[in-house]
Amino acid sequence: MAVLHDHLSYSMNFDPVTNIWTIVPVTAATYYGTGAPAEDQIRKAAEKDKKG
C-alpha cells in the first residue's frame, strides 16, 4: 500500500489533507487486488471444518 500511495501522492503533489484522505481507498484497492479476501474465506472455511 505504501509504495503505491507514496508514488501517487508525490507525482500528483497532494496537499497534506488530500494525502491523508487517499490512504483508505488505496488500502482497500491493495487489499482486494492481492487476493486476500479469497485467502480469508479459505482460512475461515478450514477453521470451521476443524471445529466440526
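User: Why do the side chains of Glu47 and Arg43 count as meeting in a salt bridge?

Analyst: A salt bridge is defined as a side-chain nitrogen of Lys or Arg within 4 Å of a carboxyl oxygen of Asp or Glu. For Glu47 and Arg43 the distance from N to O is 3.3 Å, so the pair passes the cut-off of 4 Å. This is a predicted model, in which local features need pLDDT of at least 70 and side-chain atom pairs count only at pLDDT 80 or more, while totals for chains, interfaces and linings use all residues. Residues are numbered from 1 along each chain as its sequence is written, and side-chain values use heavy atoms, with hydrogens and water left out.

User: What makes Arg43 and Asp40 a salt bridge?

Analyst: Their closest N and O atoms are 3.8 Å apart, and the rule asks for within 4 Å, so the pair qualifies. Arg43 and Asp40 are three residues apart in helix H4, which covers residues 36–51, so they too are separated by about one helical turn. By this rule the count comes to two salt bridges.

User: Is Arg43 called buried, exposed or partly exposed, and why?

Analyst: Buried means under 20% relative accessible area, exposed means over 50%, and partly exposed lies in between (1.4 Å probe, protein chains only). Arg43 has 39%, so it is partly exposed. Glu47, at 38%, is therefore partly exposed as well, and Asp40 is partly exposed because its value is 23%.

User: Does Lys50 count as buried or exposed, and why?

Analyst: Lys50 is in helix H4. Its relative accessible area is 75%, so it is exposed.

User: What does the side chain of Ser9 reach?

Analyst: It reaches the backbone oxygen of Asp6 at 3.1 Å.

User: What is the phi of Asn13?

Analyst: Phi of Asn13 is near 55°, a positive value in a residue other than glycine. Asn13 lies in the loop between helix H1 (2–11) and helix H2 (16–21). Its relative accessibility is 66%, so Asn13 is classed as exposed.

User: How many helices and strands are there in the protein?

Analyst: The protein has four helices and zero strands. From the N terminus on, the order of elements is α-α-α-α.

User: What radius of gyration does the protein have, and what would a compact globule have?

Analyst: The radius of gyration is taken over C-alpha atoms, and the globule rule is 2.2 Å times the number of residues to the power 0.38. A compact globule of 52 residues would come out near 10 Å, but the protein has 17 Å. Along its principal axes the C-alpha trace spans about 55 × 15 × 10 Å.

Terms used
Helices (H or I, at least four residues) and strands (E, at least two) are DSSP runs, numbered from the N terminus. A polar contact is a pair of N or O atoms within 3.5 Å; within protein, one must be able to donate a hydrogen and the other to accept it, and residues adjacent in sequence count only if both atoms are side-chain atoms.
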